[in-house]
Amino acid sequence: PDVDRHRYDNSMIIRGQVRQNGVALGSDAVVAVYCGDEIRGKGRPFSDENHIHTNFIQFLVHGDGDTNGDPLVFKVYTGGKIMEVEQGLTYQNNAQIGSYDDYYYIDLGLRGDANGDGSVSVTDIAVVVNSILQLPNSVFSFYGADANGDGSVTVTDIGVIVDIILGHNSNANA
């Protein structure tokens with residue numbers, strides 16, 4: 001489906017990459033962002049002519065004052081299937097999420113991989129702690145940081161990540 005741009009007065013910008021297990025998806029992927037059951041933005045990853053930004057995605061998410069704070073859900077079509085992920089991002093009028101120098105990552109990958117590098121390590125524990133403490137510039141993969149898949153990032157996720165690192169928990173990707 002397409003976005004009904006004329007229905008909304010405002011928008012927010014999302015700039016970044018879509019990754020699966022730490023690898024950026026290319027132009028064969030289609031990314032849509034939904035608010036409830038309504039599509040609000042859609043795009044494909046692309047690379048600029050100088051290849052400074054490879055597999056980069058930029059799109060507008062449309063909304064208005066009535067939708068401020070509503071959760072956004074990403075649906076990514078790749079490899080013949082649709083993957084859905086909620087990363088804790090909400091719609092905010094006129095907001096800019098990510099930039100050309102500091103990408104916002106839509107992660108379809110590994111539970112416990114909070115920094116999105118494709119593996120689960122002690123570094124991911126530090127990323128989850130920073131997220132819980134809400135430290136400035138705490139960039140993380142919500143999907144990865146939510147190691148137990150309950151929809152929130154808490155101290156419990158640190159224990160799950162420790163178990164994954166120690167091999168006590170086979171990574172239960174949802």
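In the predicted model, a salt bridge joins the side chains of Arg111 and Asp146, with an N to O distance of 3.8 Å. Arg111 belongs to the loop between β9 and α1 (122–132), and Asp146 to the loop between α2 (142–145) and α3, so the contact ties together parts that are 35 residues apart in sequence. Both partners fall under the 20% cut-off for burial: Arg111 counts as buried because its relative accessibility is 9%, and Asp146 is buried with a relative accessible area of 3%.

The count of salt bridges comes to six. Another of these pairs is formed by Arg19 and Asp107, whose closest N and O atoms are 3.2 Å apart. Arg19 is part of strand β1 (residues 10–20) and Asp107 is part of strand β9 (residues 104–107), so this pair ties together parts that are 88 residues apart in sequence. Arg19 has a relative accessibility of 9% and therefore counts as buried. Asp107, at 5% relative accessibility, likewise counts as buried.

A salt bridge is also found between the side chains of Glu38 and Arg40, at 3.5 Å from N to O. Glu38 and Arg40 are both buried. Strand β4 spans residues 38–43. Five of the six residues of β4 are buried, so the strand is largely enclosed by the rest of the structure.

Strand β4 pairs with strand β3 (residues 30–35) in the antiparallel sense, over five bridges. Within this pairing, Val33 has Gly41 of β4 as its bridge partner. The two strands β3 and β4 form a hairpin with two residues between them. In the turn of this hairpin, Gly36 has a positive phi of about 65 degrees.

A second hairpin is built from β6 and β7, again with two residues between the strands. Its turn contains Gly79, for which phi is positive at about 60 degrees. Strand β6 (residues 72–78) and strand β7 (residues 81–85) run antiparallel and are joined by five bridges. Phe74 stands opposite Val85 in β7. In a regular strand, side chains alternate between the two faces of the sheet.

Rolling a probe the size of a water molecule over the atoms shows where empty space is left. One cavity of 30 Å³ or more is present in the structure. The space in the largest cavity is about 40 Å³. Ten residues line the largest cavity, and those closest to its centre are Asp107, Gly109, Leu110, Asp113 and Ser141. Asp107 in this lining is also the salt-bridge partner of Arg19.

His53 is located in the loop between β4 (38–43) and β5 (57–63). With a relative accessibility of 16%, His53 counts as buried. A C-alpha distance of 9.1 Å separates His53 from Asp101, although the two are 48 residues apart along the chain. Gly98 lies in the loop between β8 (96–97) and β9. Gly98 has a relative accessibility of 21% and counts as partly exposed, because residues under 20% are classed as buried and those over 50% as exposed. Gly98 and Gln58 are 40 residues apart in sequence, and their C-alpha atoms are 9.3 Å apart in space.

On the surface, a nonpolar patch is formed by Val122, Val162, Ile165 and Leu166. Together these residues have about 330 Å² of accessible area. Helix α3 (residues 155–166) gives the most to the patch, with three residues. Val162 is found in helix α3. At 33% relative accessibility, Val162 counts as partly exposed. This value is over the 30% relative accessible area that patch residues must exceed.

Methods. Residues are numbered from 1 along each chain as its sequence is written. This is a predicted model: local features need pLDDT of at least 70, side-chain atom pairs count only at pLDDT 80 or more; totals for chains, interfaces and linings use all residues. Side-chain values use heavy atoms; hydrogens and water are left out. Patches are made of residues with over 30% relative accessible area and no salt bridge: like charges are joined within 9 Å, nonpolar side chains (Val, Leu, Ile, Met, Phe, Trp, Tyr) within 5 Å. Accessible areas come from the Shrake-Rupley method with a 1.4 Å probe; for residues, only the protein chains shown count as cover. A salt bridge is a side-chain nitrogen of Lys or Arg within 4 Å of a carboxyl oxygen of Asp or Glu. Helices (H or I, at least four residues) and strands (E, at least two) are DSSP runs, numbered from the N terminus. Buried means under 20% relative accessible area, exposed over 50%, partly exposed in between (1.4 Å probe, protein chains only). Two strands pair if DSSP finds at least two bridges between them. On a 1 Å grid over the protein atoms alone, a cavity is a set of points where a 1.4 Å probe fits but cannot get out, and a pocket is an open set with protein on both sides within 12 Å along at least five of seven lines; lining residues have an atom within 4 Å of a point. Grid points are joined across faces, edges and corners, and a volume is the space filled by probe spheres set on the points.
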